[in-house]
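Dear colleague,

Please read them with the model open beside you.

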Amino acid sequence: MQARRTMFHVKHAGGATAHGGPTSTFHVKHHRRLRIPFLAGVVALSLLAAGCTQLAQPEGWAPPVDAEAASSIFVPVERGTIALVEITDGGAPSERWRFPTEADELDLGAIYATPVLQGDRLYVATHGGEVYALNAETGRPVEDWAGPVDVGERIVATPAFNGERLYVATEQGNLVAIEVANGSVSTLTEGEGRIWSPVTLHEDTLFLGNLDERRVRAVSKSTGDIVWEQPLAGSTAAGFALAGDLLIVGSFDRALHGLDLAAGGEERWRLDVGGWVMAQPLIDGDTVYALTTRGGVIAASASTGEQHWQFLDEERQFRSRPVLVDGTLVAAAKDGTVIGLDAATGQERWRQTLPDEEIEADPLVLDAGGVLYLTNDGDLVRIAPADGAIQRIGAGT
Amino acid sequence: MPIGFIWQTFLETPLINIMVVLSVITFGSYGLAILLFTLISRAILFPLTLRTLHSMRRVQELQPQLEEIKKKYSDPRRRSEETMKLYRESGVNPLGCLGPQLIQFPVFIALYQVIRITLASTPESLVELSGRLYDVDFIQNAIPLSTTFLFIDLEANGSPLLVAIVFASMWLQQRIQTNRSTAVQNPQQQQMQQMMQWMMPALFAWIVITVPAGLGLYWGASTIIGIILHWIFVGPGDFTWGSLIPNVVRERLGMKPIAPRPQPATARAGANSSTAQPGTTESRVEDEGSGNEREDSGRSRRTRTRSARSSSRSGRRRRH
């Protein structure tokens, strides 16, 4: 500091300059000194804003999908990339293809919708609103489509498929049908509000859950006409479950609703579950299992809504749907805790924690045994339902 | 205890729930909830704001003594020292106007996350929101919140209307604040203020472009409230709405042109020339830089003295 002052004096005493006398040198130096913290502040704020913006980026939670070939799965190995991966016992997974490749110069962005496998085709709907049809063997876009179908609106909901058409619901509340033969698009219904619940197809009817409009709507799959509409007290973002003539809907009003399909969606029963339901309920016989974002696991009668048992761990948030294997209900929480419960009683059998991992994607029950989870970091973890033993099988890459 | 935990538990999570409650109170309008939150936060900060405004008023009352210092000392360094000494003795902080803005900044940053989470623009943020809401029925049932307000999508980035509002309001705030609080200063301070006059609005306009529009709504509303408070308790200074009309237009309208504001020596030499706005502001000479600037400073000095005297009486006199 002293040295700076000395410099100031020297400069000041140094005589006139072209800028108008000795004071100018003083001013310029002093001005520069003032400007540095200001510019530093500007840079810091810019970095802060940029960092905050980065945080808001959607990442996607599409789960792995069984490739119906020996030990192979389709898995979003990283944001915007899907791959066919072969899992071998004990060994590292081998990647057979990935899309897009570097040569494609594509970025699919976030993928929330579960890819749909039909025959030799894999349909992938991206959050950006594009639907790709890939050859499941090669991972290349099919030639029947001129390119990806751009529905022009964001997609979170998993599409439904009826053999000829892919039914895609968007964040603007619209429902479009894509002819898989040629990729042509037609709008079935126009609506409002975000549709995040997977589109459920039952016979000739499509069921749509609306997040913003707080309702369930049944729509004719051929005409798009509204068959019935059932308002709910809360929003719905979870997948539905079908149990006989009941559509079971989890909602943000912290309840499960049993809607009677034969009676125009009239509510047959309602069960308070104590938290939002964001995971698709699981049906096993007459029992429905539901998870909540406040750590609740509930088993109830699917036909009457009568509760059998409830397990509660308020520190856990369940987004990923439960699976039932050999009498053990396996539920994975967002914080990486995986819990095995006795499906008959709700008693905890085992608990495992995946440190520094988060789980939001739905699991896949492997034919070879075990439940496969894809973590938010893109790691694949196999859990043994009997005892919760963890096997990390790599990142698929 | 990690900072992130403290930040989330004591600032972010309560704010999330407050915003949801306000949204319920305002019939589900998140935009109105943001405006209501702005009013409440400004009301909480009002004692500090009032203290700052009084400090500005005091600076204004010191004008005659500052004029004396200017006349008495030709050496800018000495003059600056004496000015600061006078400020110290009078218990005045010439940069005190930054206080409320600096205190608002953590709220601004927290509000960014709060808006991002409460509006649940991505599925991940909806899951995150579920873990942050208090276990109260009407809070839990309020989700999702309405994301539009006056045709503005509050979760989308870069609403042009809000960018314009934030830029204009911050420019005006800078304009009326810098005028009074630092009436007599050396050229580098003056240059700094001129730079701030444009840089601060530009910076915040840029931030508003990059963040959800809800945050822009908060900042714009907060700035406008700040302007109103300043106008009420200190006055607009030498700012007049008429001074926004460029000379070219004034001539066509038959109005008296405004003399361009003289620039300090360094600015005239080319440094930071972008801060000069001839024809858009009134003559406001703060010319302690060098001797040759004194010649053209007489008129403004008289004007300023007159303004200071009248302002010290009324606190809000305007000149046209």
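In what order do the 4 strands of the open sheet in chain A stand, and is the pairing parallel or antiparallel? The order is 1-2-3-4, and the pairing is antiparallel. Strand 1 (65-66) and strand 4 (94-99) of chain A each have a single partner strand and stand at the edges, so one side of each is left without a neighbour in the sheet. Strands here are DSSP runs of E with at least two residues, helices are runs of H or I with at least four, and both are numbered from the N terminus; two strands pair if DSSP finds at least two bridges between them.

This is a predicted model, in which local features need pLDDT of at least 70 and side-chain atom pairs count only at pLDDT 80 or more, while totals for chains, interfaces and linings use all residues. Residues are numbered from 1 along each chain as its sequence is written, and chains are lettered from A and ligands numbered from 1 in the order in which they are written.

Within chain A, strand 2 (residues 72-78) runs antiparallel to strand 3 (residues 81-86) and is joined to it by 5 bridges, with Glu78(A) having Thr81(A) as its bridge partner. Strand 6 (residues 121-125) and strand 7 (residues 130-135) of chain A are likewise antiparallel, with 5 bridges, and Ala125(A) stands opposite Val131(A). Their hairpin has 4 residues between the strands, and Gly129(A) takes a positive phi near 100 degrees there.

Chain B, for its part, has 15 helices and 2 strands.

Best wishes
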